[in-house]
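Good morning, and thank you for coming.

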Amino acid sequence: MTVAQALVEFLGRQYTVDTVGGPAGSGTEYRERLIPGMFGIFGHGNVAGVGQALKQWQVADPALMPYYQGRNEQAQAHQAVGYARHTRRRQTFAVSTSIGPGSSNLLTGAALATANRLPALLLPSDTFATRAADPVLQQLEQPHGYDITVNDAFRPLSKYFDRVNRPEQLFSALLNGLRVLTDPAETGAVTIALPQDVQAEVFDVPEEFLAEREWRIRRPEPEAENIVEAARRIRAAERPVIIAGGGVLYAFATEQLRAFAEATGIPVGWTQAGVGSLAWDHPQALGAVGSTGTTAANALVRDADLVIGIGTRYEDFTTASRTAFQNPGVQFVNINVAPIDAYKHGTSLPIVADARKALLALTTALGGYRVGADLERVVADEKARWDETVDAAFAQDNEPLVSQNAIIGAVNRAMDPRDVVICAAGSLPGDLHKMWRIRGPFGYHVEYAYSCMGYEIPGGLGVKRAALDATRRGDENRDVVVMVGDGSYLMMHTELVTAVAEGLKLITVLIQNHGYASIGALSEQLGSQRFGTKYRTLDREHHTFDDGEKLPIDLAANAESLGVTVYRIEPGPNAIADLEAAIGKAKAAPEGTRPIVIHIESDPLVDAPSSESWWDVPVSGASELESTKAAFATYIDHKAQQRTLLG
């Protein structure tokens, strides 16, 4: 066989096995294809290797390794990540690229996968291992290191990197790569570079290498001593609080978290990745925590003397840049399958374990314990205060253009509890985090570890593929709704063509505000007067884009030109009602139809409700602008509350 043929056949016979449950955590053992398909854009680096192998198997057995097209290599990686997150890190796609720009287009996708702790198998092609034709088209030449290629840029972005310079190296490269891919503590981008000549080289492949292989998800038990100590600290605390991260969802631990919160009365806030850990209206649910959090969660976290982190990586939005925790004696109990996260904030009690198993053990250890009635009253009062705030934001009647708050409220009302909302960058992720009223564990998918503009549509396609596959296995059908601003749409909207080609009914709500709303607001807060954040024509005299005419772009027409069905929401008093009706119409369309874009204009100057929190973005310490001077004074006030070491 050729190396590429062995690669494709091997990947087609790998299976993930998990004892937690089926696609929706149903309780039956899970066994599914680890790599259900491969994306690829072909060039001279992979057309005769991986491309030939895929074609050969398409003829012999199309089900072994289905091939999927894409329009951009980065977007293909995003689809793999979206699929992986919705399958709770138990499946992902492989991505094959040619050498040079095809490979380097994958770099952002690799960084996003690793930052989010989500598996993606990247197979960039490489230059000749033999160097017989050096230098080939698109090959870098470094005089200080002739073995360096474009693909060496993947090393710091990947959780595992290898290069197959000899056919026999394929065995260890793939086995080690898939070991990392399926390890919940280590997973991320796995990159295996494939020189174009080696891909087509023939060698003898042992039959046992091509046999079916199972990869069981590792879910470690907590150590008994740590559970005993954690229970002691919880009993001693006066104001404990839980911060639930993505690890709760990946461990299928939502029911265990709910039971734990109900038994103990300990309130729960959640990170971006942890949205869905509890329903928004659960009595112990505080909502989002941190810089984009609710006032309820931030009030409880501010005074907490014990923070129980479950499956969170504690990024700076979660900790409000380490200003969220103001109790001088605050301590941390961190439960995480990854040691790097369990040990954060100087905790003296890291519990390296599966979230579900740790919660079960803690619930037993705390039998009979419940927080004081005074804390429960504070939780109820803060929840009521925030709910009133969101009600008012959703009901905003802004003219002549509607607010983004009202748009979010309309989309939230129009979607079913089982549906999934997708987002990644701009002002939308923060607004969704604090206001989205989540009703199910699969209902919210915001990529905010890397917050990559352009992720929304390809990531949404990955989720749509996973949702359809789950439906075929007996899960309930879910509509996938992407919410994206015009800035992110322009970054990577071309994957709508992929959805058209495959008949994937992806629903996209495209919010047109003629610029970068998020960074515009941040720029204003930092004294930079929304510089460079508007889509305007160039004023050549002053060389500024801030004051010209709005660009005469029609993104609805753009989407139509790609073969997408488009609903235009006209500005006016009926815009919100029309938006809800359009989402209902899109949801009623049968699967297998074209993707749908719903275009609506908004007012970018209407902010979401305040989180009463902070995010550390440095302000210039010297300036001739009065706006910057004022922003710097505010920055110093917040900086004084920052705690560089916690725990």
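Let us begin with Asp-197, which lies in helix α7, covering residues 196–199. Please keep in mind throughout that this is a predicted model. Is Asp-197 buried or exposed, and which side chain of opposite charge is nearest to it? Asp-197 is buried and yet has no salt bridge. The nearest side chain of opposite charge belongs to Arg-166, at 9.3 Å.

In general, side chains of opposite charge can pair when their charged atoms come close. How many salt bridges does a search of the whole structure find? The search finds 41.

One of them joins Arg-473 to Glu-32, with the closest N and O atoms 3.5 Å apart. Arg-473 sits in the loop between α17 (456–472) and β19 (480–485), while Glu-32 belongs to strand β2 (residues 30–33), so this pair ties together parts that are 441 residues apart in sequence. Both partners are partly exposed: Arg-473 has a relative accessible area of 30%, and Glu-32 has one of 22%.

A second salt bridge links the side chains of Arg-155 and Asp-152, at 2.8 Å from N to O. Here the partners fall into separate classes. Arg-155, with a relative accessible area of 45%, is partly exposed, whereas Asp-152, with 17%, is buried.

Lys-639 lies in helix α23 (residues 626–639) and Asp-616 in the loop between β22 (596–603) and α23, so the pair ties together parts that are 23 residues apart in sequence. Lys-639 counts as partly exposed, at 32% relative accessibility, while Asp-616 is buried, with a relative accessible area of 17%. Salt bridges can also share partners, and in this way Asp-416, Arg-418, Asp-419, Asp-479, Lys-505 and Lys-587 are joined into one network.

The cysteines come next. How many disulfides does the structure hold? It holds zero. Cys-423 is in no disulfide, and the nearest cysteine sulfur, that of Cys-452, is 12 Å away. Because a disulfide needs the two sulfur atoms within 2.5 Å, that separation of 12 Å rules the pair out. Cys-423 is buried, with a relative accessible area of 0%. Cys-452 is buried as well, with a relative accessible area of 9%.

We move on to the nonpolar cores. Which residues of the largest nonpolar core touch the most other members? Among its 95 residues, these are Val-411, Trp-436 and Met-483. Apart from that core lies another, of 36 residues, among them Ile-35, Trp-57, Val-180 and Val-205. Returning to Val-411, its contacts include Trp-436, Val-481, Met-483 and Leu-579, not counting residues up to four places away in sequence.

I would also like to show a buried residue in a strand. Ile-243 is found in strand β10, residues 240–244. With 0% relative accessibility, Ile-243 counts as buried. Beyond the residues up to four places away in sequence, Ile-243 touches several others, including Gly-269, Val-289, Ile-308, Tyr-314 and Phe-325. The C-alpha atoms of Ile-243 and Phe-93, which are 150 residues apart along the chain, are separated by 31 Å.

Which residues of β5 lie on each side? Ala-94 and Ser-96 are on one side, Val-95 and Thr-97 are on the other, and all are buried, which leaves both faces of this strand, residues 94–97, covered. Strand β3 (residues 38–40) pairs with β5 in the parallel sense over three bridges, and Phe-39 has Val-95 as its bridge partner in β5. Strand β6 (residues 120–126) also pairs with β5 in the parallel sense, over four bridges. There, the bridge partner of Ala-94 in β6 is Leu-121.

Thank you for your attention.

Note on methods: Residues numbered from 1 in each chain as written. Predicted model: local features only at pLDDT ≥ 70, side-chain atom pairs only at ≥ 80, totals over all residues. Heavy atoms only, no water. Helix = DSSP H or I, 4+ residues; strand = E, 2+ residues; numbered from the N terminus. Buried < 20%, exposed > 50% of the residue type's maximum accessible area, 1.4 Å probe, protein only. Contact = heavy atoms within 4.5 Å. Core = buried A, V, L, I, M, F, W, Y, C linked by side-chain atoms within 4.5 Å. Lys, Arg positive; Asp, Glu negative; His and termini not counted. Salt bridge = Lys/Arg side-chain N within 4 Å of Asp/Glu carboxyl O. Pairing = 2+ DSSP bridges.
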